[in-house]
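Subject: Structure handover

Hello,

Here is the structure we talked about. Please open it and keep it beside this email as you read.

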Amino acid sequence: MAEKLGGPAREVKDLLGRLVERVSRGLETALGPFEVGQDPPEYYPGETCCGPRCSKVLLRPRTTEEVSEILRYCNQRNLAVNPQGGNTGLVGGSVPVFDEIILSTALMNQIISLDSISGILVCQAGCILEKLNQYLEERDFIMPLDLGAKGSCHIGGNVATNAGGVRLLRYGSLRGTVLGLEVVLADGTLLNCLTSLRKDNTGYDLKQLFIGSEGTLGVITAVSILCPRKPASVKVAFLGCETFQQVLETFSLCKGSLGEILSAFEFLDGDCMKLVQKHLHHTNPITESPFYVLIETSGSNVSHDEDKLNHFLEKVMALGFVTDGTVATDDMKIKALWALREHITEALTHDGYVYKYDISLPVEQLYQLVVDVRARLGMGAKNVVGYGHLGDGNLHLNVTSSTFDNSLLASIEPFVYEWAARHRGSISAEHGLGLKKKQHIHYSKTKEAILLMHQLKAQLDPKGILNPYKVLADRSA
Ligand SMILES: O=C(O)CC[C@@H](O)C(=O)O
Ligand SMILES: [Zn+2]
């Protein structure tokens, strides 16, 4: 760990003095107090954290060279740096803990190239996911990932956190679709691994180190990513099931019947639906049910896809797995159905204080955790809900209470983590560890694996200036 972390006033002044001279070259600085532009995710009250408003310096470079210069400067002076994309993370990885210098990718938003044959897109790290998708759609491609925060999250942040989202079932994780990365290391060294090749077995695949490392090993400045063709036909079915077992049967049948055109299989429980109805005034398009599934198909032939979907729907209805349902083929209705699923996070924030868990589990056990937590908390919680990417075995378990309650938290944790570990799950499926979950890493990784992670961190960032206090717990702790 660095001798001195954070931004002591004199050092910060030096840095600013130097950087302000360079504003004409496009390097932007801002002096605190400043608005981050968006409320950061909440911390548990009482946590050792003063929040983002303690940072006095926000740097918004436009080029990789500027990022390199900033990191070289900060590394020489032991100044801690908090890399930040769209600031949409849910585990506190993108917000400073003390007075770290915020290094934002907001102005690094240029598309570098798109190969119209292979679909390989190369762009700077600060490009907003939704804007990339719009750019691609105009050229008959789409991004291989999609998530609720698409309107503000940055592709660099997506890669740094290995974000999953709702298309992972079809297009796989960023570990497969990211073909190359440009990264600036803690000491300012530029690591150019920005290749655009599907196959490259020359030595270690270094980019994988940075995917999912949450800005602790280097700052991602550019990304090369393989983008699928825009599907000619997209359909969404929104179905109701009486039991979770029926959700599983529907999933199994769906995989067999829809095959290669299946592009998403999401689920939400009845309480999620009630929350989006109550807080966001969305309308439930089907009969009230204990469970709902959202199935998306994406293919290249409208009538072929329609036949497959209709055949599947006839079967699930006939077998009694599904009690009611609706199908959307036009954009507006598709968006409205997706909103029911994508707006759950927002609805929960209106319900009170939210305790959030992002768990990977063998799919058959996915909902049992919600049942057990609900039984354990009883009246102590306002709502205990389960939803998520069922097709990926990823449950989002969220608990609400009107205000933060320490004794409720103590009933949830470590129970949830122990439960996940006992059932061979992961305590963080797609959100990362950030600040909030780092002390629980041992539930999902062995001590040898954690030791190697510390060794890699020490090798790549010996002074510990990059996103300190995140991902790995202090070794003395
Ligand atoms: O808020 C959450 O817990 C989940 C957010 C996101 O990953 C989602 O799938 O909607
Ligand atoms: Zn999710």
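First, a term: a polar contact is a pair of N or O atoms within 3.5 Å; within protein, one must be able to donate a hydrogen and the other to accept it, and residues adjacent in sequence count only if both atoms are side-chain atoms.

Next, some ground rules. This is a predicted model, where local features need pLDDT of at least 70 and side-chain atom pairs count only at pLDDT 80 or more, while totals for chains, interfaces and linings use all residues. Residues are numbered from 1 along each chain as its sequence is written, chains are lettered from A and ligands numbered from 1 in the order in which they are written, and side-chain values use heavy atoms, without hydrogens and water.

**The ligand**

Glutamate 430 has a polar side-chain atom 3.0 Å from an oxygen atom of ligand 1. For histidine 431 the distance from a ligand oxygen is 2.8 Å. For lysine 356 it is 2.9 Å. Taken alone, ligand 1 exposes 300 Å², and the protein buries 86% of that. These areas come from the Shrake-Rupley method with a 1.4 Å probe; for residues, only the protein chains shown count as cover.

Strands β15 (383-389) and β16 each give two or more residues to the shell around the ligand. Helices (H or I, at least four residues) and strands (E, at least two) are DSSP runs, numbered from the N terminus. The residues around ligand 1 include Leu90, Arg341, Tyr387, His389, His396 and Asn398. To count as near, a residue needs a heavy atom within 4 Å.

**Aromatic pairs**

The structure holds 13 aromatic pairs. Rings of Phe, Tyr and Trp (its six-membered ring) pair if their centres lie within 6.5 Å; planes under 30 degrees apart are stacked, over 60 edge-to-face, and the rest tilted.

Take phenylalanine 238 and tyrosine 292. Their ring centres are 5.6 Å apart and their planes meet at 20 degrees, so the pair is stacked. Phenylalanine 238 sits in strand β10 (residues 233-241) and tyrosine 292 in strand β12 (residues 291-299), so the pair ties together parts 54 residues apart in sequence. Phenylalanine 238 is buried, at 0% relative accessible area. Tyrosine 292 is buried too, at 0%. Buried means under 20% relative accessible area, exposed over 50%, partly exposed in between (1.4 Å probe, protein chains only).

Now tyrosine 353 and phenylalanine 404. Their centres lie 5.1 Å apart and their planes are at 70 degrees, so this pair is edge-to-face. Tyrosine 353 is in strand β14 (residues 353-360), and phenylalanine 404 is in the loop between β16 (394-401) and α14 (406-412), 51 residues apart. Tyrosine 353 is buried, at 5%. Phenylalanine 404 is partly exposed, at 22%.

Ring pairs also join Phe244, Phe267, Phe291 and Tyr367 into a cluster.

**Helix α2**

Buried residues in α2 include Val67, Ile70, Leu71 and Tyr73. Arginine 77 lies over the face of tyrosine 73, 3.8 Å from the ring centre. A charge sits over a ring if NZ of Lys or CZ of Arg is within 6 Å of the ring centre and within 35 degrees of the ring normal. Just after α2, asparagine 78 takes a positive phi of about 55 degrees.

Best wishes
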